[in-house]
Structures are given as structure tokens and as C-alpha cells.
Amino acid sequence: MSNQPSRRAILSLYHSTLRTSKSFSSYNFRNYFIRRSKDTFRVIQSESDPARVKSLYAEATRELAALRRSAIVNQLYGGSRLAVEDQKPEMTRVDT
């Protein structure tokens with residue numbers, strides 16, 4: 001029988017997926033992938049069949065690789081921030 005991924009491996013994959021999702025510069029993509037990541041890992045968490053957990057884990061690993069590539073492209077061609085995002089305050093000089 002093949003081994004089921006450990007709890008630590010699943011949590012590590014979850015954190016990597018969330019970290020990568022948060023690296024998108026586009027607000028809509030970022031929120032979509034964060035929500036999708038949480039939903040994916042909720043399914044893995046609720047699954048009790050070891051074979052199904054292993055296949056879901058393998059699928060999530062492949063999705064993380066694609067997500068990383070997409071995040072890099074999004075960072076390269078990301079646009080300006082939207083009005084719904086927290087705007088970075090402008091730096092003003094205090095000495096003048």
C-alpha cells in the first residue's frame with residue numbers, strides 16, 4: 001500500500017499555497033486563489049479515504065506549481081491598485 005501524506009506535509013502544502021496566493025499583485029486574482037485554496041484544503045481535511053487523500057494531495061501539489069508560475073507572471077504585469085484595496089500612504093518629508 002502507498003503511504004498517505006502526513007498531517008505536517010498537508011499543512012506545509014496548505015501554507016505554501018496560501019503564501020503563493022497572497023503574492024498575486026492583482027486584488028481579484030489574489031482573493032480568488034486564497035478562497036479556492038481554503039476550499040481545496042477543507043475538502044482534503046474532511047476526506048477519510050486514504051487513497052482519495054493521497055490523490056487530492058497530489059492534485060494540490062500540481063496546482064501549487066501552476067499557481068507559482070501564474071503568480072510570477074501576475075507580478076510582472078500587475079496593474080495599479082484598486083480602490084477597494086488598502087492604499088499605501090504617501091511619504092511626506094517632515095523637515096520642510
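Modeller: The angles run from 0 to 180 degrees between N-to-C directions, and axes are lines fitted to C-alpha atoms, for helices over the stretch in contact. Bear in mind that this is a predicted model, where local features need pLDDT of at least 70 and side-chain atom pairs count only at pLDDT 80 or more, while totals for chains, interfaces and linings use all residues. Residues are numbered from 1 along each chain as its sequence is written, and side-chain values use heavy atoms, with hydrogens and water left out.

Colleague: What makes up the secondary structure of the protein chain?

Modeller: Three helices and zero strands, running α-α-α from the N terminus on. Helices (H or I, at least four residues) and strands (E, at least two) are DSSP runs, numbered from the N terminus.

Colleague: Why are H1 and H2 called roughly antiparallel?

Modeller: Their axes cross at roughly 165° and come within 8 Å. That angle is over 145, so H1 and H2 count as roughly antiparallel.

Colleague: And what about H1 and H3, parallel or antiparallel?

Modeller: Helix H1 (residues 7–22) packs against H3 at about 25°, with the axes 10 Å apart. About 25° is under 35 degrees, so the pair is roughly parallel.

Colleague: How do you know whether phenylalanine 24 is buried or exposed?

Modeller: By relative accessible area (buried is under 20%, exposed over 50%, partly exposed in between, with a 1.4 Å probe and protein chains only). Phenylalanine 24, in the loop between H1 and H2, has 3% relative accessibility, so it counts as buried. Its C-alpha is 9.4 Å from that of arginine 68, 44 residues apart in sequence.

Colleague: Why does isoleucine 44 count as buried?

Modeller: Isoleucine 44 sits in helix H2 at 4% relative accessibility, so the buried label applies. Tyrosine 57 is 13 residues apart from isoleucine 44 in sequence and 7.5 Å apart in space, C-alpha to C-alpha. Overall, buried residues make up 24% of the 96 in the protein chain.

Colleague: What makes glutamate 63 and arginine 36 a salt bridge?

Modeller: The definition wants a side-chain nitrogen of Lys or Arg within 4 Å of a carboxyl oxygen of Asp or Glu. Here the closest N and O atoms are 3.6 Å apart, so the pair qualifies. This pair links distant parts of the chain, with glutamate 63 in helix H3 and arginine 36 in helix H2 (residues 27–46), 27 residues apart. Glutamate 63 is partly exposed at 29%, as is arginine 36 at 35%.

Colleague: How many salt bridges does the structure hold?

Modeller: Two. Aspartate 39 forms one with arginine 42, the closest N and O atoms being 3.1 Å apart. Those residues are three apart in helix H2, so about one helical turn separates them. Aspartate 39 is partly exposed at 39%.

Colleague: Last one: what makes leucine 76 exposed?

Modeller: Leucine 76 lies in helix H3 (residues 50–76), and its relative accessible area is 62%, so it counts as exposed. With Ile72, Val73 and Tyr77, Leu76 makes a nonpolar surface patch of about 480 Å². Patch residues have over 30% relative accessible area and no salt bridge; like charges are joined within 9 Å, nonpolar side chains (Val, Leu, Ile, Met, Phe, Trp, Tyr) within 5 Å. The areas come from the Shrake-Rupley method with a 1.4 Å probe; for residues, only the protein chains shown count as cover.

Note on methods:
Angles under 35 degrees count as roughly parallel, over 145 as roughly antiparallel, 65 to 115 as roughly perpendicular and the rest as oblique.
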